[in-house]
Amino acid sequence: MESNTPLLQPQEYGTDSNTPLLQSQEYGTDSNTPLLQSQEYGTDSNTPLLQSQEVVEGQSDEPTESLSKRKEVFLFTVILGSQFVSSTIDTFLFPFFSKEATRKGLNQSEVGLVFSSFEVSRFLCSLLVGKLISRLALRNWCLAGSAVTTLSCISFGLASYGPSAMFLPMCMTLRMTAGAGSSALTVAGTTMLLKVSSFKVGTVTGLAEMIIGASYASGPMIGSAIYMLGGYTSVFWVMGGVTATLTFLLSLLQVKVAAETNSTKERHSLALLKTKSIPFLYLLTFVHRFVSFARTSMLGAFLISTFDQADWVIGLSYSVWAVMYMIACLITAKFVNKNYVYSCMLMAWLVNSLIYLFLAPSPLLDFLFHANQYFTLTFCSVLVINMIDTAELIPLFQATLDILIVNGYSHGSTSTYGLTAALINSSLSLGGMIGPTVSGTLIDLFGFPWTTTICSALSLAMVLILSSFLVITKTTNTPLSLVDESVGGPPSTTPTSFINRLSLYFRKSTKGYFKVAPVQPSQSLVD
């Protein structure tokens, strides 16, 4: 290798031909030593290649810390525990706030504004946090989000002592502040877990969704229990104390994450929606949360008004649904880790489009049920839907991350993880904000059975849209991921999912089947 040869040139092409290195060359030029080993050092000095290229890419000289098992368990416990409490603060008001707000002169529409302001703030702040996340240490983002959530929770309790005329603006302001803190904690916490943990993306997102799902299910029960024991304001003192304790534990985290200087492209989070295929995934995420919240926001009222069941039976039903949802999150994570991403989503939307017809049940099935309604049928339908919902949501994070990497975003960088988490959370917040409002209107107009029928139709529409998307990407050779996830490795021609295997029937060979996005040698080695 000549000393005047540019460093990137011998790594991009072989020495004897113009064949790209990733395609044809497996060994170094002067020996049988593997290429990555023989080219560990630069051509003109003994400076390690990785070190010299870290400077080019703007990376920190200090690598991300490799955690011990004990420290990793502590990290997961504190981060996921903080996310659990911050999400619980969104739902623990549901059982009792309406009654207390009425005493202050608020009507139901104003109560709805207070509830929705949390999701409005999460939607607006998620993309902002994703854009700025690389400018501040992840630990500091988590601390700031947890501290803001703590202060807003305690202040919400103090608002009840203020004048009635100021109660509505104070509640909305504090709920929006809590939503901003929750979004910062969720985006930064998820990014930190993805960046420093030894688990795969599917496992991390599965655990995070399991915790958030549990918080939404248990939030009303926790709020009701504290309210009955200590009264209205005691709920905020207890929850504020818990979040303050978790904030202190977050301050004890000492996790070294390599600082990054990202490209201009990575800094503009709003440009993500211009990235090919990202708007489609954003739509899937939005519709998932819209349908989910449209169902759950009115399910309790339907169960109480329709079935003559004791309160403990309905409470036990919610507990069973929550537990099965948590178990399903872990199962789905296993499939996502094996690269069954779009297959999981397609099958989940298809199954849910059928099960929603049996939930109420739908008037379209009157020839079977003759307008009769059965608690057992509703219970089993909700159980299946809750479990299948995980296969709609968890693969979306992996799919979004893969597409960003294919389109040139750095593999494994804080910025890429942050933007992905921000995009998913903003879409979920948008669906959570609109879903309950629209479902309430639909139920007033058509009733709960027809509303679940509309949910079935939306699920079926997602099946058709997702199928069309996959067919278009396959026929146009549009890459959805880097098939071989070992950066710098050769492209694999082996299909990794049901969709890929099915598409082979329409091709004569697998040669050229997948297009692998070009990876600059400097980026691949740094990552």
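**Close-up 1. Helix 10 crosses helix 11 with right-handed geometry.** The model is predicted. Helix 10 spans residues 201-230 and helix 11 spans residues 232-251. Their axes lie 7 Å apart, at an angle of about 120°. The two helices are therefore oblique to each other. Helix 10 contributes Ile222, Gly223, Ile226, Tyr227 and Gly230 to the contact. Helix 11 supplies Tyr232, Ser234, Val235, Val238 and Met239. By class, seven of the contact residues are nonpolar, three are polar and none is charged.

**Close-up 2. Helix 7 and helix 18 make a left-handed crossing.** Helix 7 covers residues 108-132, and helix 18 covers residues 414-446. The axes come within 8 Å and cross at roughly 160°. An angle over 145 degrees counts as roughly antiparallel, so helix 7 is roughly antiparallel to helix 18. Residues of helix 7 in the contact include Glu119, Arg122, Phe123 and Lys131. Among those of helix 18 are Leu419, Leu423, Asn425 and Met433. The contact holds eight nonpolar, eight polar and three charged residues.

**Close-up 3. The largest nonpolar core has 91 residues.** Leu284, Tyr342, Met345 and Leu466 touch the most other members. Helix 17, residues 375-406, gives the most to this core, with 14 residues.

**Close-up 4. Surroundings of Met345.** Neighbours within four places in sequence are left aside here. Met345 then contacts Leu284, Ala391, Glu392, Pro395, Leu396, Ala399 and Leu466.

**Close-up 5. A second core of 25 residues is separate.** Its members include Phe97, Cys153, Leu168 and Leu174.

Technical notes
Residues are numbered from 1 along each chain as its sequence is written. This is a predicted model: local features need pLDDT of at least 70, side-chain atom pairs count only at pLDDT 80 or more; totals for chains, interfaces and linings use all residues. Side-chain values use heavy atoms; hydrogens and water are left out. Axes are lines fitted to C-alpha atoms, for helices over the stretch in contact, and angles run from 0 to 180 degrees between N-to-C directions. Helices (H or I, at least four residues) and strands (E, at least two) are DSSP runs, numbered from the N terminus. Angles under 35 degrees count as roughly parallel, over 145 as roughly antiparallel, 65 to 115 as roughly perpendicular and the rest as oblique. A crossing is left-handed if the near helix is turned anticlockwise from the far one by less than a right angle, and right-handed if clockwise. Contact means heavy atoms within 4.5 Å. Ala, Val, Leu, Ile, Met, Phe, Trp, Tyr, Cys and Pro count as nonpolar, Asp, Glu, Lys and Arg as charged, and the others, Gly among them, as polar. A nonpolar core is a set of buried Ala, Val, Leu, Ile, Met, Phe, Trp, Tyr and Cys residues joined through side-chain atoms within 4.5 Å. Buried means under 20% relative accessible area, exposed over 50%, partly exposed in between (1.4 Å probe, protein chains only).
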